[in-house]
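I opened this notebook to record what I looked up in the structure. The entries start with the ligand shell and then turn to the metal site and the fold.

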Amino acid sequence: MKNSDQHAMQDPRTQYPKSQGQGEADEQQPDPGLDAVLAPQADHGERSYRGAGRLDGRKALITGGDSGIGRAVAIAFAREGADVVINFLPSEEIDGQKTLNMIRQAGQKAIAIAGDITDENFCKTLVKQAVEALGSIDILINNAGKQQFVEELEDLTTKQFVETYATNVFGMFWITKAAVPHMPPGASIINTTSIQSYQPSPGLLDYASTKGAITAFTKSLAKMLIKKGIRVNAVAPGPVWTPLQQSGGQPEEKLRRFGDKVPLGRAGQPAEVAPAFVFLASQESSYITAEVIGVTGGAHLP
Ligand code: NAD
Ligand code: MG
């Protein structure tokens, strides 16, 4: 980034490098990918995000808060004054600890609850422990996700199809159902959907269809929960440089040119997605519910 302040005016096309680099971006890593070995590194706003008290005193639960978009959201929320519980898989402890440190450096309470959200009982435990630690849940970010590229229909296994739905859709349902009784009026739920909900790619059949489900779930739930004064929205990122992409989310040849086809001509960074979550979590978006905000580099939602 040319300037270390997120508010400095600059050309968005050149704010970050174009390609993810020839060579190192081709390296694949096992799923779930680790930020600790992501090359080139991603920007989560560590050096640039400047808070303004938008979330003072709020309590937030963020799934997939260890790395990628979830880490950028955790850093932004903490700098805006929120205490944060993050969830991630036990194998991601190294990334989780780094995020926790950054939340603490912002002067906020930071708690990790590791576990697998494809297990309904764990989802209930996660919410229970988050409420015990924080007192309530004012912001719920359903952000954990699984994406594995499979080129041909005949190679897409039932196991993968079920796991992708269990992670992206069922986990969101179980956590949301458990969390809502602990959410006061004014609370905000934000789900991470995707450009894939609107422009599904071949090779992402299971993933893209879970994102379609998340978009519809968001809008239906928003209409149910407004009776409780809870708003529900989603953020739909386009191509964003995270461990998800380097751990089977894209085939190797696409990784090299990841993001180059969107109008901005480059992949986005997690730091560029987090402000949309801050906006939807804060009272600034009081008249916005059942909405999806695209952060796509110009690939736009229909
Ligand atoms: P990421 O790998 O950093 O984050 C995904 C997280 O999901 C992991 O860190 C992991 O903690 C969590 N997760 C996966 N399976 C889990 C399970 N069974 N139990 C608990 N946690 C589990 O990658 P990211 O790109 O930041 O992904 C965050 C969200 O953004 C996902 O929902 C993804 O679908 C969505 N998204 C990403 C892009 C992109 O280009 N990177 C684009 C659109 C949408
Ligand atoms: Mg991770």
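**Shell around ligand 1**

I asked which element contributes most to the shell around ligand 1, and found that the largest share, three residues, comes from H6, where helices (H or I, at least four residues) and strands (E, at least two) are DSSP runs numbered from the N terminus. Before going on I noted that this is a predicted model, in which local features need pLDDT of at least 70 and side-chain atom pairs count only at pLDDT 80 or more, while totals for chains, interfaces and linings use all residues. Residues are numbered from 1 along each chain as its sequence is written, chains are lettered from A and ligands numbered from 1 in the order in which they are written, and side-chain values use heavy atoms, with hydrogens and water left out.

I then listed the surroundings of ligand 1 and counted 31 residues, the closest being Asp 66, Ser 67, Glu 92, Tyr 207 and Thr 242; a residue is near if one of its heavy atoms lies within 4 Å. By class, the shell holds twelve nonpolar, 15 polar and four charged residues, with Ala, Val, Leu, Ile, Met, Phe, Trp, Tyr, Cys and Pro taken as nonpolar, Asp, Glu, Lys and Arg as charged, and the others, Gly among them, as polar.

**Atom pairs at ligand 1**

I looked up pairs of N or O atoms within 3.5 Å. A polar side-chain atom of Glu 92 is 2.5 Å from an oxygen atom of ligand 1, and a polar side-chain atom of Gln 245 is 2.7 Å from an oxygen atom of ligand 1. From Val 240 the polar atom belongs to the backbone, at 2.8 Å from an oxygen atom of the ligand.

**Magnesium site**

Which residues coordinate the magnesium ion (ligand 2)? I found Asp 66 (OD), Ser 67 (OG) and Glu 92 (OE), at 2.1 to 2.3 Å, and their spacing along the chain reads D-S-x24-E. Donors are N, O and S atoms within 2.8 Å of the metal (3.2 Å for Na, K and Ca), and sites may look incomplete because water is not among the atoms.

I also checked burial (buried is under 20% relative accessible area, exposed over 50%, partly exposed in between, with a 1.4 Å probe and protein chains only). Asp 66 counts as buried at 1%, and Ser 67 is buried at 11%.

**Whole protein**

Finally, I noted that the protein has eight helices and seven strands, that its C-alpha trace spans about 45 × 45 × 35 Å along the principal axes, and that 55% of its 302 residues count as buried.

Technical notes:
Polar contact = N/O pair within 3.5 Å; in protein donor to acceptor, adjacent residues only side chain to side chain.
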